[in-house]
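Hi,

Here is the structure I said I would pass on.

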Amino acid sequence: MPPPQTQTLQTPILLLDGGLGTTLADSHACTFNTDTPLWSSHLLLTDPNTLLAVQTAFVDAGADILLSATYQASYEGFEGTVVRDDGGGDEKEGGKRKEKGKVALSLGAYGATMVPSQEYTGKYDEERMSVSGLKAWHLKRLRAFTGTGSGTSTSTGSGSGSGVLDAEERGRCWADVDLVAFETLPLLREITAVRAVMGGIEAEGVERRAFWVSCVFPGEGMGLPDGSAVRDVVKAMLGAGEGLSVPMGVGINCTKVGKLEALVLEFEREIEVIVGRGEAEWPALVVYPDGTNGEVYDTVTKEWVKSETGNNSGVSWDETVFGIVDRARERGFWKSIIVGGCCKTTPDDISKLRKRIDQSS
């Protein structure tokens, strides 16, 4: 079937920010180890001013959408966090949001909160290897931001004096959220779980938020860590199911940029099939690949290890990514395209990508 977009109506492109955690580590000497299972969320407790500075840098670089510093936030993570008073600054400063643009609530995979992290492998504990187990975990975490439903009185800490989360405060938080981003999902069943969670809170009367689902495709293969092919991923993301909310966007993150275009083309082929059958509508495309140059993340040491192979093409990251996005726009399938960077992408990378987008308009 022909693309739904016409040549006179160009697919809009929105710019996402870049790698928050890696920018904090590389440019601000932040150290993440077993004492900081929250990763960049740790700075919400200890140094919100530095966190604000990095997020502001991405805004100044031209990002239309800013991801919150909550990717690895979890009840378990807060309970296992060691906090030292190092004079990080006034926490209120870290709570400011930019006046323009959108804020996306960043919610990583369950594996991102494990120690060591397992979002690249999908090797979860037995309790979280089922849709129901993952749904329960994701629902509990999401309710910390929405303040609705059972389980919202759960304490965020053990003996830390943090007490019970305030429902009014959670309500204000949800009002500041424009989008919800379920990121780096490695398992087919986790895709189903997060869609069920969004459907569940909507049924409870929580004000709806558009959301996207993006998956990680690690290594050299073209499937999820659980072995699922793109065909299965697309069906899990967009297929009909009782109680499943439909995401506004689907895509790929935390994946090598060299694999991105092949994955996008495969997504298009599979979505075109189910759209042709009348089972779904074209969503937005969401892509934010890594900016690595041969580095591989060691989940045990929490360090990026340089490998012998790198980018030998001579083409910059921003040029490569924009080329992929521009060709996707020309094909005309997607309602819109959200593009940014994941690990190792900097405000400078995002600024260069901004310029390419603006020049193409």
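Below is what I found, going from one region to the next.

First, a caveat: this is a predicted model.

Beyond its neighbours within four places in sequence, Thr-113 is in contact with Gln-72, Ala-73, Ser-74, Trp-137 and Arg-141.

Two of those names come back in α5, where Trp-137 and Arg-141 are among the buried residues. Others buried there include Gly-133, Leu-134, His-138 and Phe-145. The length of α5 checks out too: 16 residues at 1.5 Å a residue should span 22 Å, and the end C-alpha atoms are 21 Å apart, which agrees.

Ring pairs link Tyr-110, Tyr-124 and Trp-137 into a cluster, and Arg-128 lies over the face of Tyr-110, at 5.9 Å from the ring centre.

Now for the aromatics elsewhere. The structure holds seven aromatic pairs. One of them is Trp-282 with Trp-334, an edge-to-face pair at 5.2 Å centre to centre and 80° between the planes. Trp-282 is in the loop between α9 (257-276) and β7 (284-288), and Trp-334 is in the loop between α10 (317-331) and β10 (337-339), so this pair ties together parts that are 52 residues apart in sequence. Both tryptophans, Trp-282 and Trp-334, are buried.

Last, some backbone angles. Most residues other than glycine have a negative phi, and most peptide bonds are trans. Which way does Thr-184 go, positive or negative? Its phi is positive, near 55°. Thr-184 belongs to strand β4 (residues 179-185) and is buried, with a relative accessible area of 1%. Lys-344 has a positive phi as well, about 75°, although it is not a glycine. You'll find Lys-344 in the loop between β10 and α11 (347-360), and at 18% relative accessibility it counts as buried, since the cut-off is under 20%.

Happy browsing!

Conventions. Residues numbered from 1 in each chain as written. Predicted model: local features only at pLDDT ≥ 70, side-chain atom pairs only at ≥ 80, totals over all residues. Heavy atoms only, no water. Contact = heavy atoms within 4.5 Å. Helix = DSSP H or I, 4+ residues; strand = E, 2+ residues; numbered from the N terminus. Expected span 1.5 Å × (residues − 1). Buried < 20%, exposed > 50% of the residue type's maximum accessible area, 1.4 Å probe, protein only. Phe/Tyr/Trp six-rings, centres within 6.5 Å; stacked < 30°, edge-to-face > 60°. Lys NZ or Arg CZ within 6 Å of the ring centre and 35° of its normal.
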